[in-house]
Amino acid sequence: MNKIQIESYLLVTVQFLCAVFFFYFALSTPLSLLSVVLITVAIANALWSIFTMHFGNFTVQPIPKDEAKLIMTGPYRFTRHPMYGALLLAMLGIAISMDSWLGYTVWIILLINLYIKLRFEEKLLLEKFSEYKEYMKRTKKLLPFLW
């Protein structure tokens, strides 16, 4: 296993540990209306993203598949990482319902981890796709119209 694969596995492991933490608490915490709305929007965005990219391109690893194609349609017209945005939105919904320092702390850890992961992934995408640099100029990272 090389350095890129090790870094990739570490980033995905932290991401999954944060998600497991939130799913555990989501099962035992009543969700507020705001949380339900955030989670619903996140699920819809995640499904839109997956169907747009097709299952053949989908991977949780930030390393692009050899046969991957650059997708710039659907939610990818607005943000380069709509799946990361969807995950952050859904987990924020759960953190809001938990309303504890622990929930918000784990959400911030997830945010930092996904930011590191997207920078790592973008470096690899720049190497793989010549048009990625231009795509970066016209789309936001995570949040349409903001960031």
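Okay, one term before we start: a pocket here is an open set of grid points where a 1.4 Å probe fits, with protein on both sides within 12 Å along at least five of seven lines, and a lining residue has an atom within 4 Å of one of those points. Keep in mind, too, that what you're looking at is a predicted model.

With that in hand, let's take the second largest pocket. Its lining is made of 18 residues, and the ones nearest its centre are Gly85, Ala86, Leu142, Leu143 and Pro144. The volume comes out at about 280 Å³. Which helices give it at least two lining residues each? Those are H2, H3 and H4, and H3 has the largest share, with 6 residues.

Now over to the largest pocket. This one holds about 890 Å³ of space. Its lining runs to 42 residues, and if you want to find the centre on your screen, look for Met53, Phe58, Thr59, Met83 and Tyr84, which lie nearest to it.

So where does that lining come from? At least two residues each come from H1, at 3–28, H2, at 33–53, H3, at 82–98, H4, at 101–128, and H5, at 132–138. H3 supplies the largest share here, 8 residues.

Methods:
Residues are numbered from 1 along each chain as its sequence is written. This is a predicted model: local features need pLDDT of at least 70, side-chain atom pairs count only at pLDDT 80 or more; totals for chains, interfaces and linings use all residues. Side-chain values use heavy atoms; hydrogens and water are left out. On a 1 Å grid over the protein atoms alone, a cavity is a set of points where a 1.4 Å probe fits but cannot get out, and a pocket is an open set with protein on both sides within 12 Å along at least five of seven lines; lining residues have an atom within 4 Å of a point. Grid points are joined across faces, edges and corners, and a volume is the space filled by probe spheres set on the points. Helices (H or I, at least four residues) and strands (E, at least two) are DSSP runs, numbered from the N terminus.
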